[in-house]
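Here is a short note for a colleague meeting this model for the first time. Please read the points in order.

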Amino acid sequence: MHAASTRRFWTSYQPGYRASEAPMGSREFFDEVQARRYALEPDIPEIVAFERWADRDVLEAGCGIGTDAMRFTLSGARYTGVDFSPSALALGRRRARGTDARFVEASILDLPFPDGSFDLVYSNGVIHHVPETQRAIDEFHRVLRPGGTAIVMVYHRNSLNFYVSIMVVRRLLASLLLVPGAAAAIARLTGERLEVLAGHRELLRGHGIRYLADPALFLSHNTDGPGNPLSKVYSETGVRRAFSAFADVTTQVRFLNLRAYPMGEQLERRARVRRLGRRLGWHLWIQATRP
Ligand SMILES: C[S@@+](CC[C@H](N)C(=O)[O-])C[C@H]1O[C@@H](n2cnc3c(N)ncnc32)[C@H](O)[C@@H]1O
């Protein structure tokens, strides 16, 4: 039941869909999605070091529309992307046309590969959306070769985005959405799209006060957009526990995420804000070795 609604959500929405007004799947669309992603999140290439994976077997678990796939492939990795969203995979395949990148429709909870198939399992912003997160991590462990690396990003609990932007600011703004004219004013103030605000308004109508009062429900709909069935947040201690079958586990925090604020994206690119993101950021990156 949960898997079906999650799959439906990720078939209608993917990171990048709101990053460009160009026709989806056009050259211009892919260029704009890519430019915005690495301008806002330079920590992705910094942490992943795409060039390090040349001539290695790389699995991306939850590859979405293949933005990072291109970086791996152009760096010379033997790349396989897995996702359960057919629409995301279609865009990924289109984008990577003419390369050797392979895209496979499957669940990250049941990876269709033999034990010890990959040198790197990379998963950016995926395992916090599945109820069985530990099972996904166990699958990553299984398909890695001994000495192989997992690089995984999950949402960070001890962050400005969770405690302030989502739990206080967004809740406050959401509580105003039934007031006539409020959605338009919030859109002007924050730059949020009207259709996204309309989605939150529908959730508020449907769930009533529970939409604001249930932290798990509100969190799920306020990370990747309204309609997302599940998002979870993790502490450093929690991920270390989840990766306890791995060796050399290190964590890093990045990306403050100021999307809820006026001029948030411009601020996000400032060096001082990036530095703050290293302490209170929304993205908790884990690197670990399969013994
Ligand atoms: C937030 S998006 C991240 C996409 C991509 N990693 C990126 O950084 O743009 C989450 C992705 O995980 C995929 N996903 C979620 N649960 C999955 C599962 N159980 N099996 C396979 N893919 C899954 C979704 O379809 C979606 O493409």
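1. A polar contact is a pair of N or O atoms within 3.5 Å; within protein, one must be able to donate a hydrogen and the other to accept it, and residues adjacent in sequence count only if both atoms are side-chain atoms. The side chains of D119 and R145 make such a contact, at 3.1 Å.

2. This is a predicted model: local features need pLDDT of at least 70, side-chain atom pairs count only at pLDDT 80 or more, and totals for chains, interfaces and linings use all residues. Residues are numbered from 1 along each chain as its sequence is written, and side-chain values use heavy atoms, with hydrogens and water left out.

3. Stay with D119. D119 counts as buried because its relative accessibility is 15% (buried means under 20% relative accessible area, with a 1.4 Å probe and protein chains only). R52 is 67 residues from D119 in sequence, yet the C-alpha atoms are 11 Å apart.

4. Now the domains. Domain 1 covers 2–158 + 233–289, and domain 2 covers 160–221; such bounds come from an automatic or database domain assignment. Their centres, taken over C-alpha atoms, are 26 Å apart.

5. How many salt bridges are counted between domain 1 and domain 2? The count is 1. A salt bridge needs a side-chain nitrogen of Lys or Arg within 4 Å of a carboxyl oxygen of Asp or Glu. E21 and R193 form a salt bridge, with the closest N and O atoms 3.0 Å apart.

Conventions: Buried means under 20% relative accessible area, exposed over 50%, partly exposed in between (1.4 Å probe, protein chains only).
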